[in-house]
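Please read them with the structure open.

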Amino acid sequence: MESLKVLVTGGTGFLGSEIVKALVQAKNYEVTAVDINPPALGTSTFADVRYVRANILHPEELAKVFKEAKPAIVIHAVGVYPLGLARYSPKGKEAVFAVNVEGTKNVIEAAKDCGATGLVYTSSITVLVDEIDADFANADETWPTGRAKLVYGQSKTIAENLVLAANTTDFLTCSLRPATIFGPGDPACIPTIHSCIAKMESPIILGTGTNLCDFAYVSNVADAHVLAVRNLLNSGTAAGEAIFITNGEPIAVRDFCLALWKEFGHIPPFQLRIPEGLAWWLGVIVEGVGWAVGKQGTLSRGVVRDGTAVRYVSIAKARRLLGYKPRVGMTEALEISCAHYKRQIGGR
Amino acid sequence: MVSPLSLLYYTVHPQELRSIIQWKVWHNPVHERNEREEPESLKRCFFFLDMTSRSFSAVIKELHPELLVPVCLFYLILRGLDTIEDDMTIPLEKKEPILRDFDNIIEKDGWTFNDNGPNEKDRQLLVEFNVVVEHFKKIKPAYQVIIKDITKRMGNGMADYCNNAEFNVNGVDTVADYELYCHYVAGLVGEGCTRLFVEAGLANPALLKRPELMESMGQFLQQVNIIRDIKEDLDDKRRFWPKEIWSKHVTNFEDLFKPENKQLALDCSSEMILTALTRADDCLYYLAGLKEQSVFNFCAIPQSMAVATLDVCFQNHDIFKKNVKITKGAACQLMVESTQNLRLVCDVFKKYVRSIHQKNNPHDPNFLKISIACGKVEQFIESIFPSQEKPKDLKSPATAEAAEKVKLEKQESRWDMIYMGLAVAITLLIITGSMLFVAWMAGARFDIAFTQAKSELGALFGSVQGGIEDVSDASGHSEL
């Protein structure tokens, strides 16, 4: 069987490198990984993957790389997200929009020009949940987007709309919306929650502590991308569709944190429950003090919402259209990811 | 008998007392048994039903007339089988052939069995088993086939366990063995009942295509019983908790009951509870396939009781000391809530699963798995009864065509408003006009009315103006 050419943008990033790995393991793909950075030290690289350096903000660079690679399908997994408190701030909007929106525009153009037949875009669950003030209990893809209030969710929504609007009969596109991704080498989720131990924040429960949220293990998300590629090359039923990807195991955020800390041998010695209303006001105060002193605190209204909101979705569509099944369950996924992070911080 | 202790309890828990009264006073059976037309021998069968079953007899007796007798007999046959299997005074060589042949025995006219030990509480049922046989042969052949098939498979399954020396000495070994045991004693009952319901046209035939659902119905009930009865079974020298689970926590089964191993025992019990809890969403799914109210009640009540029992057993060390039960008030409330519709049963499940979630302990080795299992039940309930309404789509339409359509719709609705307003105005005008016309025809003098109104209005304005002048005059005087 002739191998199919697939190009992955962001191919050396946290998710991108996992997608490259999944494509290699699926055997019949010839992979080109495009990234602004070369593979990071310690990450696995593959001998038969072509690694090419390019910046998605430079259309002419992209055009050249794409024409050389001649991919059948492009996976666009580049994205930037503001970490920590920057997530809730409108500052830095231009930088995020440049990469997430302009970059996506460039990738769509380059993909069409080089004769690719399809594009799989890595969107995000935040197109929905960055509305911040609303709860999302078992939401599905029929829920309207466009209400996101945070920069990241807004940028992903615009980019997703661009991708889906580009869907035509000879250029099939689909958009995958993973929940918060975690895994080995994860730059955000695990380090952030882990850092609460040292900051002695682990005993604090915001709100009821029973609100359910979705997470997604990185290799499951990578599987979904490979399945989407396969779908666009075959039946094409996913064309023009946005699809949620999660671990299919909604869990109380508090429990996820507790389970994660437990992997590092930490269980809070006592628990302090702060009702959501009170926490919100504390957030206001901390934000105010932070603004006056010129230094940011840990708490803010955004953090309180992220900690107390109900945010989980149904993955019925992913199961139906893509045949998606989360292969790595939450328990195993947390064990692997935390063991990796333990080695990482231990090695420093 | 009302004890002073329970009196005190219900004084502090008036809502439970309310549930008891509510259930006792207001519950109307969906179908009532027609006792007068029953022959003596059938009455005897129902007598045995009351005698042998505490929880099931009430729900069985309210079943749809089509299934009332078949299900009652099905229950008595399985109870008879169980009484023979349970009786340790019957030697194996005698027991085994009876168990394996029980599906034929139920067709033998006049068959009775007198060799149960004197302490066997249900021995009288077997002594007079001929009444069961008599009526079994009178029910529809299709029902007979189903009951016979299940009896055969259960009898053979039980005989295999009796023969298994390992099982008799050490109890259940692996989780697979445990679930197989529950399959024989409960999963099969689930299958039999489902086939009876479908045969009677009272349940969705699709239930037969998802055998894991009916299996879970039986498994959930049986596993909860096994968890709750740990102490009672120990006293009877029986072990149903699989070694594969308890050996992770203690070396010897008896260690679970030592006070110094309290935490280990709790960890072990929560692993057992987790195993049962993973079946809960299947049970709700199954209940959604039942069409008839009495059948729904028959299935839903035991399930609600089971999930409530699971909650009282969770993180409760008392299960290793005594038989833990839900209170009578809670039981009545559960019965009220389980005899209406699926939504209320889902609320019951949500309530108890959340309670389990609240008690989940981070030190527990299965903390994460229990949390995920709770989340799964909650998500399942949310999928059949969404608590949130999907927000309206406010975003700007994706394409120019769609935008044009929205614009047209808006314009149309504006014109609708204008037309509506015009219609109202014209109607009012016509009514007023015709009334005035009728009045004029009848001789009303509008000219006089008009001049009168004019002069009165003038007088009104005139007097107001005068009033103002008066005030200014008054203030003028006061200056002096």
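1. In these notes a residue is called buried when its relative accessible area is under 20%, exposed when over 50%, and partly exposed in between (1.4 Å probe, protein chains only). D130(A), with a relative accessible area of 0%, is buried. The model is a predicted one, in which local features need pLDDT of at least 70 and side-chain atom pairs count only at pLDDT 80 or more, while totals for chains, interfaces and linings use all residues. Residues are numbered from 1 along each chain as its sequence is written, chains are lettered from A and ligands numbered from 1 in the order in which they are written, and side-chain values use heavy atoms, with hydrogens and water left out.

2. D130(A) pairs with R87(A) in a salt bridge, the closest N and O atoms being 3.1 Å apart; the term stands for a side-chain nitrogen of Lys or Arg within 4 Å of a carboxyl oxygen of Asp or Glu. D130(A) sits in the loop between helix 4 (126–129) and strand 6 (136–139) of chain A, and R87(A) in the loop between strand 4 (73–76) and helix 3 (93–113) of chain A, so the pair ties together parts that are 43 residues apart in sequence. Helices (H or I, at least four residues) and strands (E, at least two) are DSSP runs, numbered from the N terminus. R87(A) is buried as well, at a relative accessible area of 16%.

3. In chain B, E66(B) and K140(B) form a salt bridge with an N to O distance of 2.6 Å. E66(B) belongs to helix 5 of chain B and K140(B) to the loop between helix 8 (130–136) and helix 9 (141–163) of chain B, so this pair ties together parts that are 74 residues apart in sequence. E66(B) is partly exposed at 26% relative accessibility, and K140(B) is partly exposed at 45%.

4. Which residue forms a salt bridge with E179(B)? The partner is R279(B), with the closest N and O atoms 3.1 Å apart. R279(B) lies in the loop between helix 15 (262–277) and helix 16 (280–287) of chain B, and E179(B) in helix 11 (residues 175–199) of chain B, 100 residues apart. R279(B) counts as buried at 16% relative accessibility, whereas E179(B) is partly exposed at 23%. Elsewhere, salt bridges with shared partners join R87(A), D130(A), D306(A) and R311(A) into one network. The count over all chains is 47 salt bridges.

5. The largest nonpolar core has 131 residues, and W241(B) and L287(B) have the most contacts inside it. Such a core is a set of buried Ala, Val, Leu, Ile, Met, Phe, Trp, Tyr and Cys residues joined through side-chain atoms within 4.5 Å. Helix 5 (residues 65–86) of chain B gives the most to this core, with 13 residues. A second, separate core of 74 residues includes I243(A), W261(A), Y324(A) and L368(B).

6. M51(B) is in helix 3 (residues 40–52) of chain B and counts as partly exposed at 31% relative accessibility. Apart from neighbours within four places in sequence, M51(B) is in contact (heavy atoms within 4.5 Å) with K121(B), D122(B), Q124(B) and L125(B).
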